[in-house]
Amino acid sequence: MARRDEIVAYANALLEVERWPEFAPSGLQVVGNDEVTLLVCGVSSSRELFERAGAEGADMILVHHGLFWRNEPLLIDARQRGRLEALFDAKASLVAYHLALDAHTTLGNSAQLAARIGATPDGSFGGVGLATTVPGVTVSELARRVAAATERDPLVFAHGPNRIDRLAISTGAAGYDLIRAAHEGFDALLTGEPEEPNLATARELGIHLIAAGHHATERFGVQALAAHLAETFSIEWRYLEVDNPV
């Protein structure tokens, strides 16, 4: 058992949340039990996740995509009411880390995905992404590795060189960074969601795009962080998958 506020303070410092001001508040979003025995994590806030976590006996729920976004209406509608009711019924705290978790050099989504596909980090890419090397890999082999890691077949625009050496990774919805990746000399960009202009951009700039799903590419950060917190504070943790094809 550990104190809720100690866990949150530690995670905030670990992820350096003050470096990542954004449209989603980082850290504690809903106050629940003071003491934490079981930490449950998932990718995105949903009533299903919160109800299932409550049934598991979670004292704290950790997500990548939290409840509150500054670009959404300030209204507790049926969606938000249902989610809050599930959290209140469970007496579970909700903790969320978005860009700060994307960007972490070891626990972050891009770093965790890179490790799973055999890519070696060698710097940053874009705002929260990762520059990596995968010397001499073909796009078909890289797509196979991505499929094995994410458990889904990625969308591939194969318009880059025959062999990939430099790979930019930015999980989630980073199709907008394809032009940046090409201009910075990368052979391919691995992300979650593509954008409509990406096909023409890939053809015209001679770069590969591999898009494996927003949800699928962002499963790993919350699991890595939850495991780290559980070890640090001697508590239990579990991951709950709520399927999402996007």
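A residue counts as buried when its relative accessible area is under 20%, as exposed when that area is over 50%, and as partly exposed in between (1.4 Å probe, protein chains only). The structure is a predicted model, in which local features need pLDDT of at least 70 and side-chain atom pairs count only at pLDDT 80 or more, while totals for chains, interfaces and linings use all residues. Residues are numbered from 1 along each chain as its sequence is written, and side-chain values use heavy atoms, with hydrogens and water left out.

Rings of Phe, Tyr and Trp (its six-membered ring) are paired if their centres lie within 6.5 Å; planes under 30 degrees apart are called stacked, over 60 edge-to-face, and the rest tilted. F23 belongs to the loop between α1 (4-15) and β2 (27-30), and W69 to the loop between β5 (60-65) and α3 (78-90), so the contact ties together parts 46 residues apart in sequence. Helices (H or I, at least four residues) and strands (E, at least two) are DSSP runs, numbered from the N terminus. W69 is buried, at 15% relative accessibility, whereas F23 is partly exposed at 40%.

The rings of F125 and F186 also pair, with centres 5.4 Å apart and planes at 75°, so their arrangement is edge-to-face. F125 sits in strand β7 (residues 120-125) and F186 in the loop between α7 (178-183) and β11 (188-191), 61 residues apart. Both F125 and F186 are buried. R166 lies over the face of F186, 4.0 Å from the ring centre; such a charge needs NZ of Lys or CZ of Arg within 6 Å of the centre and within 35 degrees of the ring normal.

Pockets come next. On a 1 Å grid over the protein atoms alone, a pocket is an open set of points where a 1.4 Å probe fits, with protein on both sides within 12 Å along at least five of seven lines; lining residues have an atom within 4 Å of a point. The largest pocket holds about 470 Å³. It is lined by 24 residues, of which H65, H98, A173, H214 and E218 are the closest to its centre. The elements giving two or more residues to this lining are β5, α4 (99-103) and α9 (214-217).

The second largest pocket has a volume of about 220 Å³. Among its 18 lining residues, W20, A103, H104, T105 and V128 are the closest to the centre. Helix α4 gives the most to this lining, with three residues.

Technical notes:
Grid points are joined across faces, edges and corners, and a volume is the space filled by probe spheres set on the points.
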